[in-house]
Amino acid sequence: EFVGQISYGTRYLLWNPNVNQRFPEGFRSLATLLLLIKPQKDCPLSWMTEDIIFYILNMMHPSWAACDRRSSRGSFISS
């Protein structure tokens, strides 16, 4: 007979500029890229508000933006 308490749950860290450093490098680069290209006049994302971009970033799993540091395309933004 089990005597005790079991609890479980999932915690998500939602992306915003204040917690950016807690995300993997590839995800941070992608977030920066999206926010930098958004205000460009000819960018298809220009009609989106920052809230929409934040929503997209919050629905993405951080590993989806992983990059291979060994390749020449190791980052979304070149240093």
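Guide: Partly exposed means a relative accessible area between the buried limit, under 20%, and the exposed limit, over 50%. This model is predicted.

Visitor: Why is Leu-13 called partly exposed?

Guide: Leu-13 has a relative accessible area of 38%. Buried needs under 20% and exposed needs over 50%. The value falls in between, so Leu-13 is partly exposed.

Visitor: Where is Leu-13 found?

Guide: Leu-13 sits in the segment before helix 1, which spans 25-37. Its C-alpha atom is separated by 9.0 Å from that of Phe-23, 10 residues apart along the chain.

Visitor: Why does Tyr-55 count as exposed?

Guide: Tyr-55 has 54% relative accessibility. The cut-off for exposed is over 50%. Tyr-55 therefore counts as exposed. This residue lies in helix 2, residues 50-59.

Visitor: What makes the nonpolar surface patch?

Guide: Trp-47, Ile-52, Tyr-55, Ile-56 and Met-59 make the patch, about 560 Å² in area. A patch residue needs over 30% relative accessible area.

Visitor: Which residues lie nearest the centre of the largest pocket?

Guide: Tyr-12, Leu-13, Asn-58, Met-60 and Pro-62 do, out of 13 lining residues. The volume of the largest pocket is about 240 Å³.

Visitor: How do the residues of this lining divide?

Guide: The lining of the largest pocket has 10 nonpolar, 2 polar and 1 charged.

Visitor: What gives the most to the lining of the largest pocket?

Guide: Helix 2 does, with 3 residues.

Key: Residues numbered from 1 in each chain as written. Predicted model: local features only at pLDDT ≥ 70, side-chain atom pairs only at ≥ 80, totals over all residues. Heavy atoms only, no water. Patch = residues over 30% accessible without salt bridge, like charges linked within 9 Å, V, L, I, M, F, W, Y side chains within 5 Å. Areas by Shrake-Rupley, 256 points an atom, 1.4 Å probe, with all protein chains shown as cover. Salt bridge = Lys/Arg side-chain N within 4 Å of Asp/Glu carboxyl O. Helix = DSSP H or I, 4+ residues; strand = E, 2+ residues; numbered from the N terminus. Buried < 20%, exposed > 50% of the residue type's maximum accessible area, 1.4 Å probe, protein only. 1 Å grid on protein atoms, 1.4 Å probe; cavity = no way out; pocket = protein on both sides within 12 Å on 5 of 7 lines; lining within 4 Å. Points joined across faces, edges and corners; volume = space filled by probe spheres on them. Nonpolar A, V, L, I, M, F, W, Y, C, P; charged D, E, K, R; others polar.
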